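Here are some exercises on how two protein chains meet. Try each task before you read its solution.

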There are 2 protein chains.
Amino acid sequence: MVKLQGFQTLANVDKALKDWLNAWPVKKPQHVVLSLTSVESICGRVLAEDVIALNDLPCFDRSAMDGYAIRYRDSMNASQSCPVKLVIVNADCKVDVEQAKQVWTGNPLPKGADAVVMMEHTVCNGNTITIHSPLTPGVNVIRRGEDVKKGQLVAKEGTRITPYIVGLTAALGYTSLKVYQKPIVALIATGNEIVNVGTQTAGEHQIFDSNKLVLSAMCQELGAETINFGIANDNLEDITEKIRQALKVADALITTGGTSIGGLDLVPDAVNSVGKPGVIAHGLALRPAMPTGVAVLNDKPVILLSGNPVASIIGFEVFGRPAVCRLLGLNKTDQRLTLKAVLSRKVSGVLGRKTYVRVLVKLDRKGELLVEPVSAKGSSSMSTMTKSNGYIVIPENREGLREGETVLVQMFDNIENKQEENVVNVS
Amino acid sequence: MVKLQGFQTLANVDKALKDWLNAWPVKKPQHVVLSLTSVESICGRVLAEDVIALNDLPCFDRSAMDGYAIRYRDSMNASQSCPVKLVIVNADCKVDVEQAKQVWTGNPLPKGADAVVMMEHTVCNGNTITIHSPLTPGVNVIRRGEDVKKGQLVAKEGTRITPYIVGLTAALGYTSLKVYQKPIVALIATGNEIVNVGTQTAGEHQIFDSNKLVLSAMCQELGAETINFGIANDNLEDITEKIRQALKVADALITTGGTSIGGLDLVPDAVNSVGKPGVIAHGLALRPAMPTGVAVLNDKPVILLSGNPVASIIGFEVFGRPAVCRLLGLNKTDQRLTLKAVLSRKVSGVLGRKTYVRVLVKLDRKGELLVEPVSAKGSSSMSTMTKSNGYIVIPENREGLREGETVLVQMFDNIENKQEENVVNVS
């Protein structure tokens with residue numbers, strides 16, 4: 001009845017990820033059209049179309065300065081000893097030979113003009129100005145199409161919409177953009193000891209279902225929607241039924257708990273009972289998060305995360321992030337921002353396992369980035385996540401990393417900045 | 001009537017920022033209570049209270065492994081040649097001398113037990129197990145309070161709520177948290193040539209009000225709400241009236257356009273006509289964004305941004321970001337993530353001006369971070385923002401930065417990662 005051994009073999013993390021991503025199809029999501037003026041809704045969404053410039057930007061020649069628009073040829077012989085005198089005209093339309101028209105920064109360049117002389121480089125006397133040095137053609141003029149040319153690709157399908165893409169497309173005359181629908185990720189917690197946050201109180205030896213809130217927040221940060229399918233008891237029927245229900249509505253499923261190989265670790269069996277191919281890999285050379293599993297049901301990705309808080313977070317980072325990014329329609333996985341910095345002390349891993357170490361990156365007063373490992377006994381210590389701002393990875397072929405070694409850090413929160421501490425509270 | 005000169009003097013950026021932040025009061029915002037289960041609403045909000053652990057976490061001793069809970073003293077004499085035999089008990093409550101109780105990872109430790117022997121280190125025979133080596137006290141046990149001790153500060157007032165803070169506070173038994181109300185930022189565009197995005201079409205020589213969308217998105221990214229007060233024509237009455245209306249409802253005001261020193265640059269005068277102290281600094285040693293101004297009206301911060309798209313973005317980075325962060329109730333300004341990397345080619349600045357250069361940071365196949373300046377002729381080139389992922393600052397005392405120089409980059413988008421290109425689309 002009870003399996004008495006640990007995982008007999010542990011799967012390589014990169015290979016498991018690749019095999020799993022290959023086991024469910026890449027499908028671009030349906031799209032919806034969102035208005036550019038709803039910036040709160042459209043920012044962070046994923047473009048469902050290549051955006052092409054409808055016009056030149058700017059769509060007319062403009063003055064880059066406050067000054068006078070002139071024909072540059074009129075200034076060719078100007079010098080300190082022999083300045084050139086031009087007549088100021090007020091007509092909007094045209095600058096003729098030996099004429100000048102006052103323009104402010106951003107104004108359209110009058111017809112005939114091909115250069116702008118800065119106001120401070122002229123002497124104005126009634127209805128004339130004098131110029132003391134020659135201008136080059138196009139000087140202080142922003143040319144039509146200088147920013148973007150009509151027909152140019154300005155934003156690619158599959159990229160996330162930033163404030164700057166909103167601004168650029170609006171400037172080009174777009175009023176809305178096609179974006180992909182948000183994928184839906186279903187979340188199921190398992191475990192007789194788990195109680196709901198908010199609606200239940202924890203009795204002795206019970207624990208709150210906090211993992212699902214963290215995972216939900218991480219999915220939503222990436223841009224997915226989540227549906228909470230509640231808590232399944234440690235019995236095969238309950239877990240299986242919840243998995244079936246979730247797969248009816250969701251694009252992906254994440255479970256927490258019940259993934260080890262103990263007597264009550266029923267989730268892998270439940271997944272396999274629902275359909276094929278079921279579990280692709282279970283038991284990974286990963287630390288923490290060794291009991292993680294990945295599966296496919298109904299062509300949909302299923303992730304079996306540990307019930308340990310930090311293990312479930314790392315399992316999501318490794319498998320959930322690329323899966324959700326693919327479901328979002330992104331061209332490539334949104335990476336955490338990566339920086340390089342020096343490790344302040346050695347950290348130990350386990351040979352043969354990919355180890356994720358939480359770290360605190362600080363910018364010291366000298367402007368140096370320092371990486372401090374955040375110590376923790378086990379994978380259940382949630383406070384290590386709130387004390388750190390990134391993680392580093394010890395590869396399988398290393399027993400650890402040395403003090404002073406330069407490492408790549410994946411950042412999930414702001415850097416502690418010792419230089420900037422008092423900027424806000426200056427008063 | 002018309003001022004014919006450029007800014008006579010340019011204000012130092014850091015001094016202007018400091019003077020301005022000192023000219024309006026630091027007030028903590030009102031708070032609201034949000035449920036932890038509304039993760040989409042609570043993540044990113046700012047804590048309005050110090051959060052103290054209500055309980056130990058975990059709140060009972062737990063097994064860290066699948067195995068048997070025992071009294072470690074019973075194993076003291078165990079060896080390969082002389083194993084110790086213990087009797088398996090099924091009672092939930094207690095382990096007595098020479099007894100063992102089966103436990104799964106996460107199970108509460110039975111009374112009397114003080115160590116867990118891993119299942120794979122035992123031999124089970126009917127209702128007994130044998131152990132072949134001694135255990136140390138507390139081995140494979142997660143102690144009550146090991147993660148967080150009751151009474152400990154787990155999250156500080158004035159910090160932004162992350163998924164991990166949600167998880168940790170939920171695990172501790174919290175169901176809701178006090179957060180600060182979102183500040184309201186009013187946005188006014190000025191300029192006869194500006195037309196609304198979405199509701200108007202641009203005639204010849206007209207341009208879309210895209211700046212306000214970008215600024216609105218940047219404010220919302222930080223966590224503020226924005227109100228669009230429309231477009232003011234280039235006349236003092238119109239601008240003044242809109243400023244008065246905006247100050248009635250908003251906590252801060254941002255204008256775009258009309259801040260240079262040309263004939264139609266009426267915003268500084270309009271601001272000064274509304275109240276004291278009015279404009280604190282106008283005309284900054286900043287590139288782009290030289291015509292930026294900062295003001296205070298009704299004890300509220302006012303930022304006068306350029307109408308040039310990139311200049312308005314940089315002006316917001318420099319002044320808007322710290323102001324909005326203070327209004328949010330954050331303890332310190334949310335910095336862009338900062339990384340250190342090597343400049344791929346030299347960039348020029350202007351001596352005496354703080355210059356912001358847009359750059360593209362790439363992680364190459366060797367894992368090296370490279371910083372490539374994104375070239376642009378002027379501050380109006382919005383496409384430079386969509387082609388870059390960060391900016392670097394050339395200080396006032398430098399004419400430029402050298403090729404190969406190590407620079408600090410403020411990141412606003414993901415790094416181009418040449419190592420990861422095919423992770424998602426493996427199929």
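The exercises below go from the extent of the interface to its symmetry.

This is a predicted model, where local features need pLDDT of at least 70, side-chain atom pairs count only at pLDDT 80 or more, and totals for chains, interfaces and linings use all residues. Side-chain values use heavy atoms, with hydrogens and water left out.

**Exercise 1.** Find how many residues the contact takes from chain B and chain A, and the area they bury.

*Solution.* Start with contact (heavy atoms within 4.5 Å): chain A gives 100 residues and chain B gives 100 residues. Next comes buried area, the accessible area (1.4 Å probe) that two parts lose on being put together, summed over both. For chain B and chain A this is about 8500 Å², with 63% on carbon and sulfur atoms.

**Exercise 2.** Count the salt bridges between chain B and chain A.

*Solution.* Apply the rule: a side-chain nitrogen of Lys or Arg within 4 Å of a carboxyl oxygen of Asp or Glu. The count is 2. One of the salt bridges joins Lys340(B) to Glu368(A), with the closest N and O atoms 3.1 Å apart.

**Exercise 3.** Work out how chain B can be laid on chain A.

*Solution.* Superpose by least squares on the C-alpha atoms of residues with pLDDT of at least 70 in both copies. A turn of 180° and a shift of 0.0 Å along the axis give an RMSD of 0.1 Å. The two copies are therefore related as by a two-fold rotation axis. Within chain B, Leu339(B) has the C-alpha nearest the axis, at 2.8 Å.

**Exercise 4.** Why do the copies meet through the same surface?

*Solution.* Compare the interface residues: 100% of those of chain B are also interface residues in chain A, so the surface is the same.

Key
Residues numbered from 1 in each chain as written. Chains lettered and ligands numbered in written order.
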